[in-house]
Every structure is written in C-alpha cells, then in structure tokens.
Amino acid sequence: MKYLSFIFICTCTLTFAQRDIYKDPFRQLDQQLPTPNDYRNASGAPGHKYWQQQADYNIQLELNDDKQTISGQEVITYKNNSPDVLPFIWLQLDQNMRAQNSQTYEIGSQKLDDKMSEAQVSGMEHPFDGGFKLEYVKDNVTGADLKKTINYTMMRVDLPKPLNPGQSYSFKIKWWYNINDRMKIGGRSGYEYMEEDKNYIYTIAQFYPRMCVYNDIEGWQNKQFLGQGEFTVGFGNFDVAITVPSDHLVAATGEIQNTTEVLTKEQIALLAKAKNERVQPVIIASQKEAEARELKHATTKKTWKFKAINVRDFAFASSRKFIWDAMGVPQSDGRVVMAQSMYPKEGNPLWEKYSTKAVAHTLKWYSYYTFDYPYPSAWSINTDKIGMEYPMICFNGGRCEKDGTYSRQTKYATIGVIIHEVGHNYFPMIVNNDERQWTWMDEGLNTFLQYLAEVQWEPNYPTRRGPANLIVPYMKLDEKFLEPIMTNSESIQQLGSNSYAKVATGLNILRETVMGRELFDMAFKEYSRRWAFKQPYPADFFRTMEEASGVDLDWFWNGWFYSTDYNDISMSEVKWMKVDPKDPTKVAEMKKEQAATAPQNISKTRNMESIDKYYSDMDTTIRDFYSTYDANEPDAIDQEAYKKSVSSMSEDEKKLMATGDNFYEVTFERKGGLIMPVIVQLQYADGTKEDFRYPAEVWKKLPENKITKVFRSPTEVTKFILDPYLETADINTEDNQYPRVKEEPSRFEVFKQQQGPRENEMQRAKRAKAKS
Ligand SMILES: [Zn+2]
C-alpha cells in the first residue's frame, strides 16, 4: 500500500510540474499573426489583390507672420480603390490636439510642486486657442455643404451618395488656425520666436485636414491623435501654393514649380551648380544675405508653388532667417537627388559644416540597405531641440553657443538627429507603416539603419542605440516599467528604449548573431522593396524576414517582440577531464606530479618535518629502509594487468588512451526567459583563443534550461568566456567567465568630511532669507 501511494504521488507531481513550467519558446507564431489572405500573403508580401486608397490634394495656403496664423483651402480628390462601398469617409484634424477641449489635455495627469513657474501653472489651464477653425466642408462640384461630425481629432463626412469601388470624389475645405509657440507649449511643428532680431522660424506640419487611411486591416484607421502615436496616412499627389512674406525662404515637400518667381537668377544658377557638386555643398543663400534679410521685415508677399508626387504627407519651413546650401547625390538609376539644408545663423558654423553632408550620407547608406531614394530632394531644416520627419523634409535640432562654439556632444547629437530624421524618408515615408498603431515599425527600423549609417560616418561614432550591450540597462528594469514591443504606441512608457532602441538592437542581434549579415541584409532589403509605397503591418515584416532568409525566427519574434523577457545565460560549471592512460608507469608519473602541487594535510607536513629532523642524525641505511615506500610506484602485478588489457585493444582505442588531451564539459544555464545563441570563447595556456558558436536551437526540448558542451584540446584552457563580444544583451555578465574573476574593481569615492554639525532645514531657510 505504501509503495503504491508513493509512486502515485511521484508521477502526479512530475506531470503537473512539467505542464506548468514548460512553454515552448520555439512555438510557431501562427496563433498570434493574422491569417494570410489575398491582400497580404503567407510569405509576407502584398497579396495579388492588395489595394490602397489614394487622396490627392490641391492646397492654397497663407502664412500670416504678424498674427502667426495659417489659413488655407483645399480640394481633396479621394479615389476608392477598395472593394467596398463607402457611405462616409473620415478625415484627420491633427491640429485639434491643441484645441482647448483636447483629450490630450484630459488624459494627462497634473501635479503640484513646492516650486512652480508661472508657465507651469498657466500651462495647466491650456490657454492657447489651438485647433482647426473650419469654415466649410463642401462638395467640389455642387458647392453644397456636406454633413460633418467632429469627434475631437477626427471628422466624419457623409457623402451625398455612397462611393463605389473604383470611383473618385472631390470636396473642398476652408480653415484657419493659430500656430503654436513650439518653444513654450511644444509640438512637432509650430513657430520659434527669436527675441534678438524679432523674427520667426516656422516649421509647419499637420496643417491641413487630411484623409484617414481605409485599409484591409483596420477599415477606417480613425484612432484619436493623442500625441504619442504618430501618423497613419496614405499616398497621394500634392499641389501646394504657400503665400509668405516676400523676404522669406521656403523649403517644402516636393519641388518648386515657379522658381523664376520666387528665386533670383543667381540662386537658380547656384542650384544648377550644386546639383553637380558631390563633396562640398554650394551656398545658395549666404549667412550675410540672411542677416541682411533679418533686419528688413518686408511687407510684400510671395507665393511659392510646390508639387509632390506619391507622398504620404506635406510639410514646409519658412523664415527670413534662413541660410541655404545644397549638393547633388547620384542614385544608381542615374538620377541626381538634391541634399539641402536651411538654417538660421544660430546653427552656424556647425550646420554649414555638417548638415547637408549628413543628408547626403544618409541617402547613400540607407539606399545601400534598402532601395534608391525615389524623391527629387531631401531637406534638413534647423529647429531648436526637436527632431521631426516628413516626406523630403525634416526639422532637426542643433544650435551653437553665441560665440559660435559647440560641444562634441552637440556635434554628434546634430549629425545623429539629421541621419535619423532624413532616414525616416525610408521608414515610414516610403515603407508606409501604420504609426498610430505601431511606433516600432518605423522608429525601430529607422534607428537600426541610423546606427549602420553612423558607423559608416565614423567607426567610433558615439552611437546610443544599436549594439546589444547598450540595451542591457533597459532589459534589467523591473517588469512594471516594461511592456512588449508589440504594444500600441500610446501605451508604451519608455518609447525611446522600447520602440527605438530595443527594436534596433533586436535587428542588430539578428544581423550579427542569429542570421549573419548576408542573410539578414538580403531579407531586410526584400522587406523594404516589397513594401515601398505600400502599408505593411508587423506580420508582413516577421513573415518576410523568414521567407527571404530561410531562417525560422518565430522564437526570436516571440521573445524579443512579444515578451518582456531578458537574456541571462550563465556558465555554471566546468568539468575538466583527461583520458586515464592506464599504463602504470604513466599513471605513477601523473600521480607524483599531482601530489607535488596538491595541498597537504597539516599533520602530514608537520610529521615530515619532525621525521626529517629525527633522520638527520641517523645511519643512512636505516633511513633508506624507512623512507623508500611510495604508494604511487607501480608493481609487477600492475604492469602485467596493463599489458594484458592493451593486447586486446584496437589501434584507435590505444591512440585515444595515449592522448594527453584535455576534455572540458561546460554547463550553460538559461536563467532569463529569452532564447539566445550560445557563444563561448576558450583561451588557452599558450595564449591562443578559439570561439565556438551554437545556434539558439540548442535550447530546444530543454524545459530544465540547462545544456552541456564538451571541448577537447591538447593545450590546457585557462579561461572560458561566454558572449565574449557582447552580442546577446546578457543582463548579468558576472557569471559569464570561468574561472570567475572580477576584472574591474568597483570604486568608492573619497569625500571631505564636513566640519561641525550639519545645517538643518530651518537653518538653511534662515540663511537663504538673509541672503535675499
Ligand atoms: Zn524617429
């Protein structure tokens, strides 16, 4: 009875334990990914019935430099390429994020501190009268008002009759809004006021009511714009006329259509010269000219006309403070793209030195990893503090000190932000992911390419994101500060570490450690090309990377993208063995050798000393009689037995038995939830090194998370190092060495002991009062 019940309990516990702890990290993603269909196929490519909508814009705009307002009217022509009949359409009113009733304000938490500035207090009441002031929404042909319903940053427009597949519909909207002071209330766009010369720098975006995306994944993507999740937009053609003070220079998405009206003959000639320049940007408008313009404040106006083909958005910059330079960047298809910059004198000399060169560098290296840059121009516009991207144009921080000096940090931060924002032309401006839902798809991929471009700029570039070891502090954070990369944009706590850095690092690990550069680059290029000018979703990326490389990466997507697990592999044990030679003479030698260096029992040592002393006075014949016994010395019977066993052995067996090689059995333990390849370096006594790399699949079928590997070597191993090139983001490297040695001491700081008793709060307050 007892025996049986013991068995019963035992079996039960075992089964239960296994079922509870073992979740296959190599399980396929099928249950998580959407079922492939005719629009997005199982290989991750656009399906044979892939479709997307098109919206074309014809916009007349005026920038009022006295009141800091934008007013505009537009005709939107919307083409329904979907198989569905649309009775109503949705538009995005991004500016409404700054309307006084904005949900962005409502969902934000507020705080009182002991010390508060006037701006902080008044900021809580949101006095800025932002948001679109819509004058009308009308049918473009009949002029009849259309029924519109505004839901914060979204507007539903009911069509006079349902829009059938293949049909187009044109309607017009008139609006105006107050431009936000970007330096005071923030924003991706807005104005910056320069007190010194009383001028404004306008960097303007999200300035027009624009179509929401209607697609096969979301239907209408009309998720509110709350601030963090960026923009989901489709492609279209833009004709935009922008009226500004006549002494402003304007940079925008697209190409200028009326150069002779807005540029001087000299500027046109210089632009032609710049197009042939490959090394040093050509100054189109100099700092001297800009400084002269700053003083005058023209009262007349000029209209700049731009055309942009197949872009997902439109943005522009306008100021009388701008300096302008440009150079040409050839593409593999023979076209020459203009890399251009506009910046105020406050950016110089940093900007004339690096901005346009950084633009050209970005186009060169991003195209190398993806596709030719398809647009005619790429702008970098200087703005204080932010970095923000739009098609063909981006706004980048980087200002010099008053005396024209700048720190090394400012220099590299400027080049870094320019590479990043210009890089966004590829993701998401061309590979047009749904940013409102998935920040990582553009920020992560772009940050990854930014890293590759930075190290091409300078091998020792002080890069912040990309290499595996740089993500460790984030991976180490407490669970409550983390969420999987596959989390909606609005819900991510540390967007920079999660959607930018962790994704860039993950791709870098795939490239360097899991897939290798050749397979990774091939697959990444395939994804970029498949989805250029289309709208990919995560499954399309995951599937393409596997499909194009032939590597099963489901375990990687599971761990790195769908979980908050970290990698921590430890080298927990090293067993060292040699083949027993059995030859009694050799065995005796080995034993003697070992005995010579082995620790001795204290009594034995003391006995030897006292006996030595005793023997020293003794007759040598008696001493030899007592001292010749050696337990390790083989005798005749040992020798005989050895000869007998060898005579029955094969040559290979004899060879193996005679080897003096060292055998090491190393135990690796997976302490974190993440799966990673195992990379181990052996350092030998002769000073040489050898690396061994095992794919992640070593962890298959191993619920106990332990593996052992055996290494054989004629030379003794002095050190084993796990992850010797810091490529797996292992969060604890202290157990990555054997034998365990701490190579770097921690440091403690010496500080000067305070004399006398410490000042208490009350005394400090009194002293502060006396001073004021
Ligand atoms: Zn970005």
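Trainee: What makes strand 3 and strand 10 count as a pair?

Mentor: Strand 3 (residues 86–92) and strand 10 share two bridges in the antiparallel sense. Strands pair if DSSP finds at least two bridges between them, so this count meets the rule. One example of facing residues is Leu-91, opposite Met-211 in strand 10.

Trainee: How was this model made, and what is counted in it?

Mentor: The model is predicted: local features need pLDDT of at least 70, side-chain atom pairs count only at pLDDT 80 or more, and totals for chains, interfaces and linings use all residues. Residues are numbered from 1 along each chain as its sequence is written, and side-chain values use heavy atoms, with hydrogens and water left out.

Trainee: What is the order of the strands in the three-stranded sheet?

Mentor: That open sheet runs 24-25-28, and its pairing is antiparallel. Strand 24 (569–578) and strand 28 (706–713) stand at the edges. Each has a single partner strand, so one side of each has no neighbour in the sheet. From one strand to the next, the twist averages 20°. Strand 25 (residues 662–670) pairs with strand 28 over eight bridges, in the antiparallel sense. Glu-669 stands opposite Lys-706 in strand 28.

Trainee: Why is strand 19 described as largely enclosed?

Mentor: Seven of the eight residues of strand 19 (residues 323–330) are buried, so the rest of the structure largely encloses this strand. Buried means under 20% relative accessible area; exposed is over 50%, and partly exposed lies in between (1.4 Å probe, protein chains only).

Trainee: Which strands are joined to strand 19?

Mentor: Strand 16 (residues 282–285) is joined to strand 19 by three bridges, antiparallel. There, Val-282 has Ala-326 as its bridge partner. Strand 20 (residues 336–343) is joined to strand 19 by eight bridges, also antiparallel. Met-327 is partnered by Ala-339 in strand 20. Strand 19 and strand 20 form a hairpin with five residues between them. In its turn, Gly-334 has a positive phi of about 95°.

Trainee: What makes Phe-207 and Phe-314 an edge-to-face pair?

Mentor: The whole structure holds 58 aromatic pairs. In this one, the ring centres are 6.3 Å apart and the planes stand at 75°, so the pair is edge-to-face. Rings of Phe, Tyr and Trp (its six-membered ring) pair if their centres lie within 6.5 Å; planes under 30 degrees apart are stacked, over 60 edge-to-face, the rest tilted. Phe-207 lies in the loop between strand 9 (199–204) and strand 10 (210–211), and Phe-314 in the loop between strand 17 (301–311) and strand 18 (316–319), so the pair ties together parts 107 residues apart in sequence. Phe-207 and Phe-314 are both buried.

Trainee: How do you know the class of the pair Tyr-527 and Phe-541?

Mentor: Their centres are 4.8 Å apart and their planes at 80°, so this pair is edge-to-face. Tyr-527 is in helix 13 (residues 517–531) and Phe-541 in helix 14 (residues 538–547), so the pair links parts 14 residues apart in sequence. Tyr-527 and Phe-541 are buried. Both belong to a cluster of linked rings, with Trp-440 and Trp-560 also among its members.

Methods
Helices (H or I, at least four residues) and strands (E, at least two) are DSSP runs, numbered from the N terminus. Axes are lines fitted to C-alpha atoms, for helices over the stretch in contact, and angles run from 0 to 180 degrees between N-to-C directions.
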